[in-house]
Amino acid sequence: MTGRTSERAGARTGPFDALRGQLLDAAEQFAGSPVAVSGILSGLVEDVDRALREELEIFPVCHHSPASALAMLRRLREKQPKVIYLELCEDLQPLLTELRNCRLPVALQAFATDLDGFPKESAPLSVVAPITEASAEYQAIAYALETPGVELVLVDRSTDHVFQWAPKEEEPATPKDEEAALHGDAVGVEIGDLRPGFAELEDHLLHHGKVRHWSEWWDQYVEQPLSGADYDTYRQVMVLIGSLFRRLRPDGGRLAVDEERERYMWARMREHLATSGADPADCLYVCGAFHAASHVEQFGLRSEAPYEISPRTATKWLYGLIPSSHSAIEAQFGLASGSVSIAAATWAKALTRGKLTPFQLEGQKGARKRAAKLPAPAAPAGEVADKLTGFLSRPPALDPLDDAELVGWSVDIVRLARRNGYLASTADAIAVYETSILLAGMRNRARPTPYDFQDAAVTCIEKDAVPGRRDIRRLCEILLGGDRVGEVGYDALPPLARNVYDRLAPLGLDLEKRTIQRALLDLNAEPDLVPCSDLLWMLRYLLPSDAVRPIMGERRLGERSIQESWDLAFGKHQRSIIELGYEGVTIEQVLEQRLRRSVHDPKATAAVALAAVEDSILFLGSRRFADELGTRAVELLSAERTVDDAPEVLRRIRRLLAYYRANEPELPAWCESFVTTGYAHYCTLLPTAFVDDDTGVRQVAAMLGFLFTMESLALALGCDRAQLELAVQQSHPESPDKVALLWAAHHQLGLLPIADLRARCDELLANPLVVPSFPLYIMGFVQAMEPAPGLSGFVVEVISKAFGRLPDNVLLPWLPKLITTLRDGAAELVPVLIREAGRTFPGSLTAVDAWVPPWTARPRPPAATSAPVASGPVASLLLAHPDACDAVAGVLGCSGEWLAAGGDEHREVSALLAGHPEPVLAVAGLLA
């Protein structure tokens with residue numbers, strides 16, 4: 001391409017022939033092999049000549065550039081075009097009229113969640129195009145919308161094509177600062193991305209320019225010289241820079257996308273001119289300087305190169321405006337921190353100095369009212385004159401030192417530093433002033449720039465540590481304009497966002513403020529606020545956690561608060577509320593769609609579906625929708641092949657059953673189906689779960705908890721208990737914790753008496769080979785309290801025996817392992833264990849010495865003393881039918897013999913009453 005450009009340069013004569021000759025002579029003199037260098041240099045001049053000779057006037061810009069905005073303002077007043085072609089996604093056109101209802105900066109957004117033609121896992125797709133007041137594109141938009149008879153046409157590819165043509169790149173890091181994260185993970189599109197794509201070139205420019213960041217280099221060597229330049233000089237210099245960066249950019253996916261965009265834009269402009277009949281002399285094409293130096297065959301209105309625009313996918317795109325900020329723009333496009341704020345300050349200063357009145361939309365929030373009177377249009381320009389030679393051959397005119405401005409900055413930064421905890425003084429202000437001038441001189445500047453001032457302030461005031469939240473560099477950014485945050489007006493909000501603001505109006509708060517506001521709701525005294533409370537709880541579910549934060553009050557199944565207190569930060573999270581409007585018309589619709597999507601997701605589980613059922617009851621109160629989600633939960637449970645979510649399933653189904661039993665006359669059909677399905681499902685998986693190393697003891701305990709606690713309901717609904725008994729009998733675990741859990745299951749089924757269980761544990765404690773793994777047995781017993789709560793006393797007994805019998809050399813190394821095991825695997829069961837220990841052990845220190853553990857064997861009474869024998873009809877019935885008592889005694893581990901009834905079995909009682917007759921007489925007196 002460079003060779004073809006050089007051939008055209010040699011055959012054509014024009015106003016830049018002298019400049020081309022000078023550049024070729026310089027290349028031959030300074031380069032050992034001038035072929036490549038001369039081709040690049042002559043190609044730069046050819047690109048400038050080609051762009052300026054084009055019949056359609058091309059206006060090259062750089063994004064968020066005050067110099068571009070000033071040149072645009074002057075050119076619009078001078079030419080007053082009838083049609084403006086703007087490099088911006090064509091499907092964002094309807095949003096432009098809503099800018100008048102917003103406070104800049106804001107971003108135009110296209111959003112899609114239901115994808116057709118893109119990978120489903122990439123959803124949601126989002127594109128943002130930020131707009132600031134100090135930008136050429138905003139001046140063009142304001143001029144076109146406020147001037148009768150002017151048409152604004154967006155000609156860049158659609159947002160759908162943005163993702164069709166997007167090269168595969170690494171995802172950008174999410175900004176940590178909340179203001180810098182206003183755009184989220186959206187793809188940013190900008191007008192005039194002008195930065196070297198050749199890394200070595202950028203490093204070379206930064207090094208020799210004695211600057212730290214590209215934004216600073218651009219401000220010094222482009223912005224400042226072009227701010228006061230005439231229009232022809234501005235155009236030629238911008239096209240020259242765009243051509244240089246284009247020719248030195250390595251070939252790759254991004255260059256191919258840029259060339260495809262250029263073909264798209266020229267095709268759209270030719271189509272519009274053909275259909276509208278507009279005169280190209282009355283049109284203006286606003287694009288990035290990179291695209292102004294385009295090399296594609298479709299460049300120019302006279303080109304006849306064919307190009308077919310590819311169709312869009314069937315993806316449904318939604319459009320709206322979201323708030324933006326200077327820091328969000330910097331983070332999105334890799335600009336230096338504070339550069340957009342400095343550009344805004346430079347723009348305001350240039351307007352004042354040049355006594356210019358910018359274009360602005362009528363009713364624009366946060367903007368001054370200005371009467372924009374257009375002068376008579378100037379005569380069409382004549383032949384193109386060479387302004388590049390003079391611009392490149394003479395040094396730029398440096399601005400004189402603005403002493404008053406620099407003194408004001410130095411004094412104000414010291415004042416801000418003192419307010420933020422720095423020990424700054426007047427001497428620091430003087431040092432900042434002198435250092436700023438010194439740094440500017442070292443960097444070949446006659447006037448210190450804001451970047452010089454920032455470096456000087458950091459050098460003179462910043463100490464070893466930052467006393468507050470803001471360092472000196474951040475304070476300088478605040479001083480020089482701060483991070484301006486935009487706002488989308490009420491009329492530009494989607495219907496859902498307006499509905500939210502309207503429904504929360506009874507709170508009496510200004511929800512558009514960016515400060516955190518406290519809302520107090522007394523629901524008993526003011527029942528009218530109950531709908532506000534319901535809406536806030538739904539927003540709490542849908543929005544980020546710090547957007548709607550409850551301070552007092554909670555919402556659980558079967559419980560409602562009588563008073564609530566909320567911290568609301570809607571102003572900071574306006575973007576999130578706006579994006580909810582892309583999903584539905586009301587909050588209830590969005591919540592229902594999200595819950596339905598969550599249960600039908602390919603990765604959904606029964607626990608997720610039960611959580612959705614609970615949320616639908618809490619926030620929507622729809623029995624029909626809850627039953628639909630519950631039916632889906634049954635389907636998911638029956639299809640699961642793992643038990644990883646068994647603890648969550650058990651906890652949620654217990655809570656839902658308790659709620660329905662307390663509030664409904666009968667259980668829903670899906671609850672009954674879930675219990676019967678879960679009973680059969682877990683019985684089937686139980687033997688495998690016991691021996692599977694990937695299944696933890698907590699999951700197995702939750703399975704047993706489901707089977708034992710739901711057993712009565714499952715049997716009433718037609719399940720067979722033999723299924724559970726067979727599953728337990730077929731389980732043969734090897735790990736100690738699961739063995740203990742299996743013993744507990746045997747005991748719960750009546751297959752293992754407590755005496756035998758106690759004997760097994762005593763054998764384990766007596767075996768020195770098993771002692772190191774005994775904490776795992778304890779872990780299993782602790783988890784067994786879930787399916788068998790009656791074993792809590794036995795678990796206390798086992799732990800007490802371990803502490804009492806193990807020697808110190810075994811106990812002390814074992815204690816940390818026991819504590820960490822309990823903390824990691826049974827944190828929710830430890831309180832139950834502690835309560836049981838509190839009931840078992842004595843309550844005072846003095847009673848410990850005389851305390852006898854209840855599980856120790858008590859001495860039998862002497863043989864001479866006969867045991868008392870009960871008499872009466874109950875005793876006669878038990879003596880006549882001893883089988884029932886023998887069975888209960890066997891379960892409890894008691895042994896004994898039946899004694900025959902006699903007449904003197906109460907001799908001790910008789911002797912006691914005869915020796916102490918006062919209680920008997922007192923009772924007789926009461927009964928009389």
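Biologist: What does contact mean where helix H18 packs against its neighbours?

Modeller: Contact means heavy atoms within 4.5 Å. This is a predicted model. In it, the buried residues of H18 pack against helix H15 (403-419) and helix H17 (450-461). Those buried residues are Ile-472, Leu-475, Cys-476 and Glu-477.

Biologist: Why is the pair Phe-59 and Tyr-231 called stacked?

Modeller: Planes under 30 degrees apart count as stacked. The planes of Phe-59 and Tyr-231 stand at 25°, with ring centres 5.7 Å apart, so the pair is stacked. Phe-59 is in strand E1 and Tyr-231 in helix H9, 172 residues apart.

Biologist: Why is Tyr-231 called buried?

Modeller: Buried means under 20% relative accessible area. Tyr-231 has 14%, so the term applies. Phe-59 has 0% and is buried too.

Biologist: What makes the pair Tyr-143 and Phe-359 edge-to-face?

Modeller: The cut-off is over 60 degrees. Here the planes stand at 70° and the centres 5.3 Å apart, so the pair is edge-to-face. Tyr-143 lies in helix H5 and Phe-359 in the loop between helix H13 and helix H14, so the pair ties together parts 216 residues apart in sequence.

Biologist: How do you know that Arg-77 lies over the face of Phe-359?

Modeller: CZ of Arg must be within 6 Å of the ring centre and within 35 degrees of the ring normal. Arg-77 lies over the face at 4.7 Å from the ring centre.

Biologist: Why are E11 and E12 edge strands?

Modeller: The sheet order is E11-E13-E12, with antiparallel pairing. E11 and E12 each have a single partner strand, so one side of each is left without a neighbour in the sheet.

Biologist: How do you know that E12 pairs with E13?

Modeller: Pairing needs at least two bridges. 4 bridges join E12 to E13.

Terms used
Residues are numbered from 1 along each chain as its sequence is written. This is a predicted model: local features need pLDDT of at least 70, side-chain atom pairs count only at pLDDT 80 or more; totals for chains, interfaces and linings use all residues. Side-chain values use heavy atoms; hydrogens and water are left out. Buried means under 20% relative accessible area, exposed over 50%, partly exposed in between (1.4 Å probe, protein chains only). Helices (H or I, at least four residues) and strands (E, at least two) are DSSP runs, numbered from the N terminus. Rings of Phe, Tyr and Trp (its six-membered ring) pair if their centres lie within 6.5 Å; planes under 30 degrees apart count as stacked, over 60 as edge-to-face and the rest as tilted.
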